[in-house]
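Load the structure into your viewer and let's walk through it together.

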Amino acid sequence: MELFEARKAFIENEKEANWYAAKCLVMCTIVCAASWILTLLHIFTVPVNIMNVAMPIIILCFLMPTLLCRVTGGEKLWMKYVVLFCAIMGVFVLSCAMPKHGVLVWTLPLMLSCHYYSKNLTRITLVVSQVLFSGSIYIGMFYGEWDQVLLDSAYYAGPRVVTGELLYNATIFFVLSRAAILWGLSSICTTLAGRTRVLLERQAKDSEERQRIETELDVANRIQADMLPCIFPAFPERPEFDIYASMAPAKEVGGDFYDFFMVDKRHLAIVIADVSGKGVPAALFMVIGKTLIKDHTKPETSLGDVFSEVNDLLCDSNNEGLFITAFEGVLDLVTGELRYVNAGHEIPFISREGKPYEPYKIAPGFVLAGMENMKYRSGSIQLMPGDKIFQYTDGITEATNKKNQLYGMERLRRILEQNTANTPKGLLAAVKEDIDVFVDSAPQFDDITMLCVEFVKRMEMDEC
């Protein structure tokens, strides 16, 4: 799989490299055309007849890769060889016409070969370039621009005379010295190609690893979502209450959770909690906390004792130092009494008989998994038919917009008041919409979880 991903990355890079190299050669074409024009205007001193012969061939060689890329899309595997061949042949003709610029122009195919991240390709380009470079110097002595400085001779009108001594001097003092320079430059290009290839291989491997992690996180997200009650209406056969809940994780998996379940026929339990931290560690700790709370909630067991037992168990398996803020309530559907316990969580909002929601101040208690042997106290609220209770995590009040302003309790209170008559489902939708409007395009930093339950009517004793 790694080899496949690396190969795929190299093929994609070759396509891009073909286009980049073709664009570079187009720029070289423009420079050559400008030089040709300046020569025709007698601004440059290169012989016009030499330029008239060489430049059309050079321009054709430099434009050919662009034409082929447009035809093939640059995707053919043989395109890189054609691109480099055209570059080498164009430079060869240019070097024959103007030998004095030999080393400078011969760096062009070497530099272009670096785009393909292949040391072997760069080495092949060097060998071919070196052979043709040497040949172009000798050809240029007979047909190209005469170089009186580098060949230590004079320019004069009339036929050129190239002697054996001149060829020897040209080889020793011109060809070999500039060949050494070209070899030195090639070492830089080869090293660059090799190093970049390693980086591309590492990038391909990291990309595969990220894809694997994203796939696993996506699976974890679905598993986490499936762990939370998500089918509504949750208890269509129970007319005594209406309940709705939602969670929007800040990352692929979240640390918040909610739960609701029937403890027995007459008792409905609701739980909402927030694990410190985010991501996978918080999600795993969430699973443990949710499972322990549900397993220990019994009709005859005080909620204070439930949290005390759960706290000790969480402390035993808490090597990462995480903690949970949690609220649990158990509603007696016969009497309307809501027994609750709070472990450092946000206070709930209650709407009584259609009146606006008001925060219900209760003792916060200490967080779960924060310290062993903690004792938690339960309390109770008397609910009447028509009363609603709204509970949430701090991801709502601490939602932040682009101005770093917090959503806050006051704004939450206003939106709850405006939707007092709404059903639990409608209320949660209104709150989420208001948060989205407030936050706008700012990133979500914390999980947003909320739950609302309405006590619709009492349960008859004979139904228990």
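Two strands pair if DSSP finds at least two bridges between them. With that in hand, look at this predicted model and pick out an open sheet of five strands, ordered 2-3-4-5-8 and paired antiparallel. Strand 2 (256-264) and strand 8 take the edges with a single partner strand each, so one side of each has no neighbour in the sheet. From one strand to the next, the twist averages 20°. For context, the chain has 11 helices and 10 strands, and 47% of its 464 residues count as buried.

Now zoom in on the pairings. Strand 4 (residues 324-332) and strand 5 run antiparallel and are joined by six bridges; Gly-329, for instance, has Tyr-340 in strand 5 as its bridge partner. Two helices pack on this sheet. Helix 7 (residues 279-296) touches strand 2, strand 3 (267-275) and strand 4, and its direction makes about 15° with that of strand 2. Helix 8 (residues 303-316) touches strand 4, strand 5 and strand 8, with a direction at about 150° to that of strand 4.

Over at strand 8, five bridges tie it to strand 5 (residues 337-343), again antiparallel, and Arg-339 stands opposite Ser-380. In a regular strand the side chains alternate between the two faces of the sheet.

Is Phe-366 buried or partly exposed? Its relative accessibility is 35%, so Phe-366 counts as partly exposed. The C-alpha atoms of Phe-366 and Gly-344 are separated by 5.1 Å, although the two residues are 22 apart along the chain. Leaving aside residues up to four places away in sequence, Phe-366 touches Ala-343, Gly-344, Met-371, Met-374 and Tyr-376.

Finally, turn to helix 10 (residues 408-418) and helix 11 (residues 424-439). They pack at an angle of about 140° with axes 10 Å apart. Angles over 145 degrees would count as roughly antiparallel, and this pair is therefore oblique. The crossing is right-handed. Helix 10 brings Arg-411, Leu-412, Ile-415 and Leu-416 to the contact, and helix 11 brings Leu-427, Ala-430, Val-431, Asp-434 and Phe-438. Those residues divide into seven nonpolar, no polar and two charged.

Technical notes
Residues numbered from 1 in each chain as written. Predicted model: local features only at pLDDT ≥ 70, side-chain atom pairs only at ≥ 80, totals over all residues. Heavy atoms only, no water. Helix = DSSP H or I, 4+ residues; strand = E, 2+ residues; numbered from the N terminus. Axes fitted to C-alpha atoms, helices over the stretch in contact; angles between N-to-C directions. Parallel < 35°, antiparallel > 145°, perpendicular 65-115°, else oblique. Left-handed = near helix turned anticlockwise from the far one by under 90°. Contact = heavy atoms within 4.5 Å. Nonpolar A, V, L, I, M, F, W, Y, C, P; charged D, E, K, R; others polar. Buried < 20%, exposed > 50% of the residue type's maximum accessible area, 1.4 Å probe, protein only.
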